[in-house]
Amino acid sequence: MRVACIGECMVELSERADGSLVRGFGGDTLNTALYLARLGVAVDYVTALGDDVWSDEMAAAWAREGIGLRQVRRLPGRMPGLYIIRTDPAGERSFHYWRERAAARDLFAGPGAAGTRAALAAYDLVYVSGISLSLYGAGGRAALAETLAALRARGGRIAFDTNYRPRGWPDRDEARAAFRAALAMADLIFASVEDLDWLFGAAGEAEVMRHRGRAEIVLKVSGGPGPVARVLHGADETAVPAGPVARVVDTTAAGDSFAAGYLAARLAGRAPEAAAAAAHRLAGAVIGHRGAVIPKAAMPDLALRAPASDA
Ligand code: ADP
């Protein structure tokens, strides 16, 4: 069983009060790949980098986490995208991007694209997010869709996470069309009601629910006493509430790690409800720490290696 996560990791600069910048790396599907690798899943990150030192450092960091690099293409003369996080005096963070020329956007263009597509179609499970879809433009998205259709024809599965960032899209109609196409292809859908409402307005939940029965759906609902995952599998629906988190420090990568916990548990043979509980546990640990990537020592033991008692 081999999993591929498709997307973009960028150079992250956090601006301090005195204007100095601290460098990190960040990207939604990369976070998911990292947590999958930590949970023992064989996972490759599928992206394009440049031939600069930051690209080298990113690749080295991913390899140290056990993420497979075989689908990382290097584009000569290109660089990764970059963003700055500013925190205003009230503690509110804002994100500012330089990513239009990022190497990752050309994953489905140029001479290496055919090789990437052929390799991608051979995976057992491919994880892609709404942010990944926004990277490639209409032509690249069509190439990705054809590749995923070939993967499904072979019996491979697709997981789609509805991460929606309005700024990544020229307009909402294009985003809606791309999301509808991805939802229709996905075997497993991670959706947040918040994303769906931004994108589809009041019809958001219905857009996802038309795939119930065919696809496994995890709908994350926040508000009320705490987050709840509504898990729809076949004719069954269960609501799995998140456990209490002692102190929410930073919600970066909450959804990304949630997806990794859920996927790893399902791949280990756990039932959907147990997978949602495992996903909440991992996300709960991640939001208790600063940044997207928590120390390894803080990883909760999801007991995925033990034989499943609930599958
Ligand atoms: P994102 O906005 O990154 O997609 P979500 O808001 O969907 O993230 O949250 C993902 C998961 O993170 C939730 O399902 C839950 O497990 C965990 N989580 C987020 N906020 C809280 C919270 N306040 N208390 C407990 N768990 C939380």
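Modeller: Buried means under 20% relative accessible area, exposed means over 50%, and partly exposed is in between (1.4 Å probe, protein chains only). This is a predicted model, where local features need pLDDT of at least 70, side-chain atom pairs count only at pLDDT 80 or more, and totals for chains, interfaces and linings use all residues. Residues are numbered from 1 along each chain as its sequence is written, and side-chain values use heavy atoms, with hydrogens and water left out.

Colleague: Why is arginine 176 called buried?

Modeller: Arginine 176 has a relative accessibility of 19%. The cut-off for buried is under 20%, so arginine 176 counts as buried.

Colleague: What makes aspartate 173 and arginine 176 a salt bridge?

Modeller: The closest N and O atoms of aspartate 173 and arginine 176 are 3.5 Å apart. A salt bridge is a side-chain nitrogen of Lys or Arg within 4 Å of a carboxyl oxygen of Asp or Glu, so this pair qualifies. The two residues are three apart in helix H6, so about one helical turn separates them. Aspartate 173 itself is exposed, at 55% relative accessibility.

Colleague: How many salt bridges does the structure hold?

Modeller: The structure holds 19. One of them joins the side chains of glutamate 15 and arginine 86, at 2.8 Å from N to O. Glutamate 15 lies in strand S2 (residues 10-15) and arginine 86 in strand S6 (residues 82-87), so this pair ties together parts 71 residues apart in sequence. Helices (H or I, at least four residues) and strands (E, at least two) are DSSP runs, numbered from the N terminus.

Colleague: Why are glutamate 15 and arginine 86 called partly exposed?

Modeller: Glutamate 15 has a relative accessible area of 25%. Arginine 86 has 45%.

Colleague: Which residue forms a salt bridge with glutamate 174?

Modeller: Arginine 141 does, with the closest N and O atoms 2.9 Å apart. Glutamate 174 is in helix H6 (residues 172-185) and arginine 141 in helix H5 (residues 137-153), so the pair links distant parts of the chain, 33 residues apart. Glutamate 174 is partly exposed at 28% relative accessibility, while arginine 141 is buried at 13%. Elsewhere, Glu205, Arg212, Arg230 and Glu237 are linked in a network of salt bridges.

Colleague: How do you know that the chain is as compact as a globular protein of that length?

Modeller: The chain has 10 helices and 13 strands. Its radius of gyration, taken over C-alpha atoms, is 18 Å, close to the 19 Å that the globule rule (2.2 Å times the number of residues to the power 0.38) gives for 311 residues, so the chain is as compact as a globular protein of that length. The C-alpha trace spans about 50 × 50 × 40 Å along its principal axes. Of the 311 residues, 51% count as buried.

Colleague: What makes a set of residues a nonpolar core?

Modeller: The members are buried Ala, Val, Leu, Ile, Met, Phe, Trp, Tyr and Cys residues, joined through side-chain atoms within 4.5 Å. The largest such core here has 52 residues, and those with the most contacts inside it are Leu36, Trp62, Phe190 and Tyr262. Helix H10 (residues 272-286) gives the largest share of this core, eight residues. A second, separate core has 42 residues, including Ala48, Val126, Val128 and Ala191.

Colleague: Which residues is tyrosine 262 in contact with, leaving aside its neighbours within four places in sequence?

Modeller: Among them are Leu188, Phe190, Val218 and Ala279. Contact means heavy atoms within 4.5 Å.

Colleague: What makes the phi of alanine 253 stand out?

Modeller: Phi of alanine 253 is near 70°, a positive value in a residue other than glycine. Most residues other than glycine have a negative phi. Alanine 253 is found in the loop between strand S13 (236-241) and helix H9 (254-267), and is buried at 8% relative accessible area. Alanine 303 also has a positive phi, of about 50°. Alanine 303 lies in the segment after H10 and is partly exposed at 40%.
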